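Dear colleague,

My notes on what was found in it follow directly after.

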Amino acid sequence: MTDACTHPQTPLLHVEHLTMRFGGLVAADDVSFKAQDRKITAIIGPNGAGKTTLFNCLTGFYAPTSGRLELNHPTRGECLLERMEGHRIARDAGVARTFQNIRLFARMTVLENLIVAQHNRLMRASGFSFLGLLGFKRYVDAETQAVELARYWLDRIGLTERADWEAGNLPYGDQRRLEVARAMCTEPVLLCLDEPAAGLNPRESADLNRLLTFIRDEHSIGLLLIEHDMSVVMGISDHIVVLDYGRKIADGTPRAVRNDPAVIRAYLGDENDEENDNAMPPKVTADPKGGDV
Amino acid sequence: MTPRPALDVPAILKEAGLTALVMLGLTVGLVGFRIPDGIGASALETRFGAVAMACGLAFAGRIALILLREKRPRRVLFASTAYAVVVALAQAAPVLFSPAATERWITLRPFDSAVVNGMTVVLAAAFALRAAWMEWRHRRFPGIKERDKAMDAMGARVQRATHFFGPALLLVAVILPFLPMVDRRLLDIAVLVVTYIMLGWGLNIVVGLAGLLDLGYVAFYAVGAYSFALLAINFDLGFWICLPLAGMLAATAGILLGFPVLRLRGDYLAIVTLGFGEIIRIILLNWYQFTGGPDGISGIPKPTFFGLEFKRSASDGGETFHQFFDLTYSPVDKIVFIYYVILGLALITNSFSLRIRKLPVGRAWEALREDEIACRSLGINATNTKLTAFAIGAMFGGIAGSFFATRQGFISPESFTFIESAVILAIVVLGGFGSQIGVVIAAILLIGLPEIFRELQDFRMLTFGGAMVLIMVWRPAGLLAHRTPSIRLSDRGGEP
Ligand SMILES: Nc1ncnc2c1ncn2[C@@H]1O[C@H](COP(=O)(O)OP(=O)(O)OP(=O)(O)O)[C@@H](O)[C@H]1O
Ligand SMILES: [Mg+2]
């Protein structure tokens, strides 16, 4: 929230030589990049490029074949993600994520989704639930605090009115934003978003952009953003990593990446891939936000 | 559903009335008068009752036909099924019921002749089948969503009604032993039903909240029962000390089982727990020196009221309940006491489950049931969370098992077969996963009714199976599945 104490030399996330093989298929091939805190790092690439695989390695769903995933937690120091169990990555290293196909707790309410995200803190406050069972004040206070945090995020995503709805009954766009809010309720230092704008209409997409820049600027955490929608990517990212067939083919500012011949080839080279033709415009003339780095 | 034109009631009544008249004309001469055969019979015998009955049935039958023609099968279905079942039971009463009950059932026969009664039953059954077919055809495809919604709404209504209905039910449960019509038999049944309610609530934590399908719940029931029996007999410990110990031992068994198997999902978990239930039973059967094998364990001490026994005369050095309180001895006292013990235990189970739902573990259980992967991404340790659900469910199963042991005074592996697990699971499934009141209703239906109509024992498993299949086809979430949020923003000063 303040602009003091940056760590310009140690990046928040340092991925080194990450390789992930599924049998003969190399979904991530010697990928290395860095992501800084207070920056949105976009990860783009055609379908099947290995973006989700990268996230799954980062968040402990896959054990990488080789490579090093170093996260520098501002208070807890260096964490090697490839060695940590899935739930510990979220709990101890502070890496939260959303999913390409939304994974809310559909039959629980919006508020409950946000409270479950604060599980570990509440667990400690409730003495692993045993003291909470007896109605200890410490737990009651912790729960009130949890509700306050939830309310804060509900206000941000505009769902306060619908806090007691079943999450599964929300419109699609709201579900997407709720998933971001739920991830934020774990109080992460790195937030990984897997295509958060997929299926949103332009207005919802603009709302989402605002939410993401708000998180970056006000909560000073790092964001990793997988996205196909170039208006989102070009509009809000500070840094872009481009993957193709598991390999990193470009890495730089939006403007640099946009005009990178390798990127243009990756996106346009495959004639059959009609979906990506319109996903990325080939050339840029003027970019109002391009010059910010 | 499109609104349908209203029925023309007067026209229907007229048509049915005409049919009844025709029936009257046909029957009054043939049935109404009978010349009694045999020597010395003089007067003409009249049977106007039978004639009236025939006309009434013709009237009703005609209405049923018209309703079927107008594609309104619902009421026809209910009425003709009810008629067929009641008359069939009345006809079969001498075979099914005790002589006293038969007396009452026989009055429900419409005609004296078994053949005529049988024919009306067949006709009613035909109507019912036709109506059921029509109902099925019309509702099956377009109606599923609507029906689910209606059932959800009903679940919600029941849930709301529970606010008033629950305390009333509790009151009835508390004063039950003193109600005038409650005799010893009924009280025994009540004890059994409450035991199953407690087991249902215990299993509901595992199946309903955490979503782990456990087909071997009886294993923990058995562990509790045997722990209790062995502790009480070998170490001479009292009821109130053995009870929590047995609960803890069962919880330990839950953790030991859970550790290796909770990585499995869905069907695999169900199969492994099924196996575990059988393994426990087979161990009990074969570990002769320790468990008494197939002979079981007898002479398990009865519960005491602060050390006071429920006996006619005290064992040496002790005092009995009726001596201490200066009452005359009554064997019912013991059952009343036992009833209150299990009621208390069940209520503890219930308030525990209600509370734990609002605690982090409980919410994590429900979240795990919804989406395990999302839980992991939020830093929830899925294995440990499932283990706690398993252990706590096992603990309540074990406590119920201890109660079972002390009530029976005798246990053997035969009491802990798979069918018990199936019955408990059926209670949870029928009642609606996660619904506390649903478990109560289902336990009364599945345990209480068959016990009251003991004469129909043989059909019990059949009915059970049928009911389960219907539920699975019709409403997989259970009859009263309705979830109330564990926390609401609107209750916390959040503007709605
Ligand atoms: N668990 C797995 N087992 C085998 N192959 C996998 C597995 N997960 C991913 N893959 C393969 O790895 C490649 C990369 O998949 P990934 O999901 O990471 O692509 P993506 O970049 O996220 O694509 P999209 O933009 O469509 O989401 C694909 O060819 C995919 O089939
Ligand atoms: Mg993907």
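**Domains of chain A**

Chain A is divided into domain 1 (1–94 + 187–293) and domain 2 (106–175), with bounds that come from an automatic or database domain assignment. Ten residues from domain 1 of chain A and nine residues from domain 2 of chain A make up the contact between them, contact meaning heavy atoms within 4.5 Å.

Before going further, please note that this is a predicted model, in which local features need pLDDT of at least 70 and side-chain atom pairs count only at pLDDT 80 or more, while totals for chains, interfaces and linings use all residues. Residues are numbered from 1 along each chain as its sequence is written, chains are lettered from A and ligands numbered from 1 in the order in which they are written, and side-chain values use heavy atoms, with hydrogens and water left out.

Domain 1 and domain 2 of chain A bury about 720 Å² between them, 67% of it on carbon and sulfur atoms; buried area is the accessible area (1.4 Å probe) that two parts lose on being put together, summed over both. On the domain 1 side, the most area is lost to domain 2 of chain A by Glu187(A), Leu211(A) and Phe214(A), which together account for 44% of what that side buries.

One salt bridge is found across this domain interface, the rule being a side-chain nitrogen of Lys or Arg within 4 Å of a carboxyl oxygen of Asp or Glu. Arg121(A) pairs in a salt bridge with Glu187(A), and their closest N and O atoms are 3.8 Å apart. Helix 8 (residues 202–218) of chain A gives the most to the side of domain 1 that touches domain 2 of chain A, namely four residues. Helices (H or I, at least four residues) and strands (E, at least two) are DSSP runs, numbered from the N terminus.

**Chain A and chain B**

Between the two chains, 43 residues of chain A are in contact with 34 residues of chain B. Chain A and chain B bury about 3,500 Å² between them, with 61% of it on carbon and sulfur atoms. There are three salt bridges between chain A and chain B, as well as nine residue pairs in polar contact (both at pLDDT 80 or more). A polar contact is a pair of N or O atoms within 3.5 Å; within protein, one must be able to donate a hydrogen and the other to accept it, and residues adjacent in sequence count only if both atoms are side-chain atoms.

Several elements of chain A each supply at least two residues of the side that touches chain B, among them helix 2 (86–91), strand 6 (95–97) and helix 6 (137–157). Helix 6 of chain A provides the largest share of that side, six residues.

**Glu370(B)**

Glu370(B) belongs to helix 13 (residues 360–370) of chain B. Leaving aside its neighbours within four places in sequence, Glu370(B) is in contact with Phe105(A), Ala106(A), Arg107(A) and Met108(A). The side chain of Glu370(B) reaches the backbone nitrogen of Ala106(A) at 3.3 Å and that of Arg107(A) at 2.9 Å. Glu370(B) also forms a salt bridge with Arg107(A), in which the closest N and O atoms are 3.1 Å apart.

Over all chains, the salt bridges come to 26.

**Ligand 1**

Ligand 1 is surrounded by 14 residues, the closest being Asn47(A), Lys51(A), Thr52(A), Thr53(A) and Gln100(A); a residue counts here if one of its heavy atoms lies within 4 Å of the molecule. A polar side-chain atom of Thr52(A) is 2.6 Å from an oxygen atom of ligand 1. For Gln100(A), an N or O atom in the side chain lies 2.7 Å from an oxygen atom of ligand 1. A polar backbone atom of Ala49(A) is 3.2 Å from an oxygen atom of ligand 1.

With kind regards
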